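Please set out the fold of this protein for a reader who works with computed geometry, giving the cut-offs behind each term.

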Amino acid sequence: MAVADTEPLPFVLSFTDLTYSVRNNRRHSDSKRSSLSPSDAPSSTAKDPKTKVLLDSVSGEARDGEILAVLGASGSGKSTLIDALANRISRESLGGRVTLNGEPLESRMLKVISAYVMQDDLLFPMLTVEETLNFSAEFRLPRSLSSSKKKARVQTLIDQLGLRSAAKTIIGDEGHRGVSGGERRRVSIGIDIIHNPIVLFLDEPTSGLDSTSAFMVVKVLQRIAKSGSVVVMSVHQPSARILRLLDRLIFLSRGQTVYYGPPEELPSFFSAFGRPMPENENWTEFALDVIRDLEGSPGGTTALVEFNRSTCGVPATTTRHVTNLSLKDAISASISRGKLVSGSATFANPFWVEIGTLTKRSATNIRRMPELFVIRLGAVLVTGFILATIFWRLESSPKGVQERLGFFAFAVSTIFYTCADAFPVFLLERYIFMRETAHNAYRRSSYVLSNVIVAVPSLVFLSVAFALITFFAVGLAGGVKGFLYFFLIILASFWAGISFVTFLSGVVSHVMLGYTVVVPILAYFLLFSGFFINRDRIPPYWIWFHYISLVKYPYEAVLQNEFGSTTKCFVSGSQIFHNTPLGNLSPTMKEGLLKGLSASLGVNITGSTCVTRGTDILRQQGITDLSKWDCLWITVAWGFLFRILFYFALLLGSKNKRR
């Protein structure tokens with residue numbers, strides 16, 4: 001794929017003396033280094049033994065129409081170099097220079113003209129290939145393009161990726177059969193090149209694929225490069241067939257360049273170094289074996305690094321190929337040719353379009369996995385049925401009052417615990433979200449609002465189901481108005497609980513760690529809600545936790561809904577002896593005791609005299625500060641607060657850059 005010397009290349013991505021190091025005690029973002037042996041790890045600098053150099057003066061260039069492949073053993077710095085070129089490392093931490101057509105690349109501009117394909121396939125499992133690409137087109141292509149042109153772009157891309165036969169097949173996951181691994185990888189590439197980027201970065205796109213699938217993926221990348229893109233990819237150990245598709249190689253060892261040049265010059269390079277290749281040997285396998293042997297030797301790869309600098313360096317032919325077009329002119333020319341569909345340095349769509357597209361995508365994916373909602377509904381129905389049968393038709397008596405308190409405390413706390421199963425939902429989308437927002441596919445605020453819209457209908461259904469099963473079976477007070485309020489506070493509780501769990505899922509990135517945090521916090525909320533101990537009995541140094549308890553406000557709300565009546569009697573004169581040793585006395589003796597009590601108090605108390613009304617119970621429980629409607633609005637407000645905090649967690653926690 002050599003370009004004629006007289007033909008200038010529209011785009012040349014150059015990088016010079018890239019250097020990047022991290023502290024030894026820091027856990028940097030390349031997870032693949034977590035299990036490296038000492039010989040694999042990047043070496044410490046001589047000046048500072050506490051520092052690991054991940055890139056050490058790496059230089060080279062990637063050209064329009066070609067594929068630059070970065071090779072090396074695990075821990076050699078392949079992914080770090082890709083991240084450096086893709087502006088995924090903080091400029092303050094990265095030494096050296098990265099330019100396109102000789103001009104430094106601004107972060108905003110790079111987001112528009114480039115795409116980054118992660119190593120993992122991060123896709124919604126229940127969307128078809130065509131739907132996945134259609135949604136990507138809605139996000140990345142400008143509003144000025146008509147719907148028909150967007151669909152035409154998707155169909156063209158499906159053919160370019162060789163996915164026509166799988167277009168109507170769902171992506172699939174462990175529980176749903178879908179496309180093959182190679183097709184899934186090509187879809188991952190497709191969603192990032194929907195806007196026809198000028199520069200394409202890929203982190204090991206062939207990882208985990210069989211040789212045929214890997215070859216087909218690289219063949220697709222070759223077609224993309226020939227269409228006028230700069231393609232830079234890392235690859236661990238390409239086959240001989242894949243090697244023939246690559247135009248330029250850069251081998252790394254512990255962050256240093258040990259070979260830079262075209263694949264066909266590998267045999268002569270190693271022969272000149274004194275390590276001739278045997279015939280019929282896979283060139284890259286041989287090169288990696290030589291590098292590995294040198295890494296284990298006392299002198300390391302220093303000799304090979306110096307030999308590469310003396311024989312290869314940056315090829316002299318580079319200067320003949322550098323375009324005389326400025327970056328702005330080259331991009332304008334590329335857009336005029338239809339290469340780059342979107343030239344905007346901001347978001348392609350207004351936020352209401354983003355919200356609609358995000359909502360539609362999530363709703364489609366959820367609708368095709370009804371088992372998730374069915375499991376949650378089943379948990380609510382079973383819990384409601386158990387509560388309804390245990391607390392069936394509670395009496396208006398001292399015993400009934402205690403049972404009502406127990407019912408409300410358990411019902412409200414169970415609602416919040418049921419919300420904990422929403423924790424993995426965002427974690428499954430976390431890296432999809434990070435990948436899409438890294439290139440301005442949509443605003444973070446749009447994602448948060450669409451998340452609310454998708455969640456609310458299911459919460460309404462769950463709240464209606466729980467209220468219908470329990471309210472009338474338990475015999476709660478208030479009639480139709482009481483039922484409607486009970487439904488509203490249950491809905492508000494679900495809303496606050498889901499919002500709280502969603503916020504934590506934006507902060508904690510591991511499922512088990514998340515559950516370890518969620519479950520104890522919910523238990524503390526119940527402990528300080530006022531059920532186990534009245535507010536007046538809580539120590540002053542813990543009272544703040546009482547007021548931030550999510551369980552407190554729904555619990556007080558349902559108690560006020562039940563005991564707020566000034567007319568309904570819960571304890572009559574004949575019942576004041578219940579739950580005491582005097583409860584087993586005969587009616588005649590109880591009547592005598594009441595007469596004596598009346599004489600002492602100067603008040604006539606008979607067996608039918610109401611001694612305790614609902615408002616008295618509220619005072620006994622210390623529920624006097626807020627009305628039931630105040631409690632409802634505060635519960636709703638908690639939900640909105642956690643959604644706002646979720647937004648800031650996404651804003652601060654999804655920068656997707658190394659420091």
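Two residues are in contact when heavy atoms lie within 4.5 Å, and axes are lines fitted to C-alpha atoms, for helices over the stretch in contact, with angles from 0 to 180 degrees between N-to-C directions. On these terms, helix H6 (residues 211-226) lies across S3, strand S7 (199-203) and S8, and runs at about 155 degrees to S8.

The model is predicted, so that local features need pLDDT of at least 70 and side-chain atom pairs count only at pLDDT 80 or more, while totals for chains, interfaces and linings use all residues. Residues are numbered from 1 along each chain as its sequence is written, and side-chain values use heavy atoms, with hydrogens and water left out.

The protein holds 24 helices and 12 strands, taken as DSSP runs numbered from the N terminus (helices H or I, at least four residues; strands E, at least two). Of its 659 residues, 53% are buried, that is, under 20% relative accessible area with a 1.4 Å probe, protein chains only. Among contacts between residues at least 6 apart in sequence, 79% join residues at least 24 apart.

An open sheet of mixed pairing has six strands in the order S6-S7-S8-S3-S9-S10, where two strands pair if DSSP finds at least two bridges between them. Its edge strands, S6 and S10, each pair on one side only, and neighbouring strands are turned by 15 degrees against each other on average, direction ignored.

| Strand | Residues |
|---|---|
| S3 | residues 67-71 |
| S6 | residues 114-117 |
| S8 | residues 230-234 |
| S10 | residues 256-261 |

Strands S3 and S8 pair in the parallel sense over four bridges, and Ile 67 stands opposite Val 231 in S8.

Definitions and conventions
Buried means under 20% relative accessible area, exposed over 50%, partly exposed in between (1.4 Å probe, protein chains only).
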